[in-house]
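This report concerns strand pairing and aromatic contacts in one protein model. The sequence and structure are shown first.

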Amino acid sequence: MEILARIHSGATVQRLLCHPHLPLVAGWDADRPAVRIWEYGDGQLRECGAVGAGSSVYGDDIGYERSKRTPSAAWHPGEALLVVADAESVARWTPSGTSPIDGVAPTEYQREVAFSPDGRTLWLSPADGENGWEQSVALDLASGTTSIGPGWDTGVVAHPAGGLVCTLQSGQGATLVLFSEDTGPVLRPLRRALVLDCDGYEAPTFSSDGRHFAVRGNAYDNSLEVFEFPSLRRVLSMTLGEPSPGYPYPQEWLDEMHAWSRHNVVFGPLPGSSGSGHPRARWSSWRSTGNG
């Protein structure tokens, strides 16, 4: 591993989100509902902005109460533009500053945000507290008009070949992986979906060739599942760390489970390989998921 840059930050960051094309990275503040932005250039990494840096700390908020205050964020696919959303507001960050995005009503629940692949539409879910996860909002950034679409959660991911996106529709009994064409401003799920057990999963991750996708989760185990695409045949299923011992959960098991990041899966450069790593160990585990 080669260290490209070091920076001293006054905040503890618990998750990073890189821009797909530009040398920009966003990070979630571990102590308060804020997202910080860094820019990389000339061998240096410098903080160039933040959204919510003045918000009150999480304090004793844990679990669901903390998740309700934790914002979601999404990079524009081609511009230096980051959108940060929580239950109360939606904000737009650019190198010139931060400004609110109007036209989206507050909600009772945590809000997810994603850009359409062409960057013209902002997808937000849920639409309002009354309907929960049953509806979402598609906001046209140029005109400010909104449209109502089906409910989704946990991010929207574009297929590498284009023309298709997938997201999740989570429920405690089961989670659906939904696939939609990206030809319109509102997500229109196809008739075929993948059913996962329980809830708590992270957004799917596609391989670079689009032939496989991985799903990290779930609410009860550090599971990792890999599926072929478009057949949806499962080719790998495993639990990272110790399997769930069942309720009531021993504290040692809970500590180990929470030590695993839910965003630590990536496909390797060879077709059919994926990997994940533990935060307290200097290693990554790689498994072949095909003939690669």
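## The sheet E13 to E16

In this predicted model, four strands make up an open sheet with antiparallel pairing, in the order E13-E14-E15-E16. The edges are formed by strand E13 (153-158) and strand E16 (188-197); each has a single partner strand, so one side of each lacks a neighbour in the sheet. On average, neighbouring strands of this sheet are turned by 20° against each other, direction ignored.

Within the sheet, six bridges pair strand E14 (residues 164-169) with strand E15 (residues 174-181) in the antiparallel sense. Cys166 stands opposite Phe179 in E15.

## The sheet E17 to E20

Another open sheet of four strands has the order E17-E18-E19-E20, and its pairing is antiparallel. Strand E17 (205-206) and strand E20 (234-239) stand at its edges with a single partner strand each, so one side of each is left without a neighbour in the sheet.

Strand E18 (residues 212-217) runs antiparallel to strand E19 (residues 223-228), and six bridges join them. Here Phe213 stands opposite Phe227 in E19.

## Aromatic contacts

Nine aromatic pairs are found in the whole structure. One of them joins Phe179 and Phe213 edge-to-face, at 6.0 Å centre to centre and 70° between the planes. This pair links distant parts of the chain, since Phe179 in strand E15 and Phe213 in strand E18 are 34 residues apart. Phe179 is buried at 4% relative accessibility, and Phe213 is buried at 0%. Ring pairs link Phe179, Phe206, Phe213, Phe227 and Phe229 into a cluster.

Key
Residues are numbered from 1 along each chain as its sequence is written. This is a predicted model: local features need pLDDT of at least 70, side-chain atom pairs count only at pLDDT 80 or more; totals for chains, interfaces and linings use all residues. Side-chain values use heavy atoms; hydrogens and water are left out. Two strands pair if DSSP finds at least two bridges between them. Helices (H or I, at least four residues) and strands (E, at least two) are DSSP runs, numbered from the N terminus. Axes are lines fitted to C-alpha atoms, for helices over the stretch in contact, and angles run from 0 to 180 degrees between N-to-C directions. Rings of Phe, Tyr and Trp (its six-membered ring) pair if their centres lie within 6.5 Å; planes under 30 degrees apart count as stacked, over 60 as edge-to-face and the rest as tilted. Buried means under 20% relative accessible area, exposed over 50%, partly exposed in between (1.4 Å probe, protein chains only).
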